[in-house]
Amino acid sequence: MIGDRIRELPSVKKITQTELAHAINASQQAVTKWENGYSEPTSSMVYTLAKYFNVSADYLLGNTDVKLPNKDLSKNQILITYSIDPNVTDEERNDIIELVRIAMTKRRRI
């Protein structure tokens with residue numbers, strides 16, 4: 001699914017595969033492999049792609065068809081949603097993100 005999304009998004013943004021590779025600091029060969037399902041991007045590259053295309057990691061991974069349910073996605077939120085079981089509901093996912101946000105806020109106060 002992620003390959004389909006990586007193939008689809010550059011055409012929406014009207015850029016070439018080579019331009020995408022340059023913009024995200026990846027090789028054109030890596031982008032080709034992702035698109036064709038021969039490999040998958042790392043979690044940090046999923047974050048980079050999500051940020052570049054202004055979509056959620058869940059959208060890239062095919063866990064949702066909503067491109068950007070929360071317009072205030074931070075790097076931590078994107079990485080959290082990437083690592084959570086795709087079977088959790090949106091409400092559960094938001095609860096987990098909120099718990100992490102609370103924990104991070106408490107840590108900064110210590």
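Modeller: Arginine 7 and aspartate 4 are both in helix H1 (residues 2-13), with 3 residues from one to the other, about one turn of the helix. Helices here are DSSP runs of H or I with at least four residues, strands are runs of E with at least two, and both are numbered from the N terminus. The model is predicted, so local features are reported at pLDDT of at least 70 and side-chain atom pairs at pLDDT 80 or more, while totals for chains, interfaces and linings use all residues. Residue numbers start from 1 along each chain as its sequence is written, and side-chain values rest on heavy atoms, without hydrogens and water.

The two residues form a salt bridge, with 3.0 Å between the closest N and O atoms; the term requires a side-chain nitrogen of Lys or Arg within 4 Å of a carboxyl oxygen of Asp or Glu. The structure holds 1 salt bridge. Arginine 7 is partly exposed at a relative accessible area of 39%, and aspartate 4 is partly exposed as well, at 42%. On this scale, buried is under 20% relative accessible area, exposed is over 50%, and partly exposed lies in between, with a 1.4 Å probe and protein chains only.

The contact (heavy atoms within 4.5 Å) involves Gly3, Ile6 and Arg7 from H1, and Val31, Trp34, Glu35 and Asn36 from H3. By class, this contact of H1 with H3 has 3 nonpolar, 2 polar and 2 charged residues. Nonpolar stands for Ala, Val, Leu, Ile, Met, Phe, Trp, Tyr, Cys and Pro, charged for Asp, Glu, Lys and Arg, and polar for the others, Gly among them.

On the H3 side, the helix spans residues 28-36, and Ala30, Val31, Trp34 and Glu35 are buried. Down the axis of H3, the buried residues fall within an arc of 135 degrees, so they line one face of the helix; the arc is taken over the directions from the helix axis to the C-beta atoms. The cover over these buried residues includes H1, helix H2 (17-23) and helix H4 (43-53).

The loop between H2 and H3 contains asparagine 25. Asparagine 25 has a positive phi of about 60 degrees although it is not a glycine, and it is exposed at 71% relative accessibility. Most residues other than glycine have a negative phi. After H3 comes glycine 37, with a positive phi near 80 degrees.

As for the setting, the protein chain has 7 helices and 0 strands. Buried residues account for 34% of its 110 residues.
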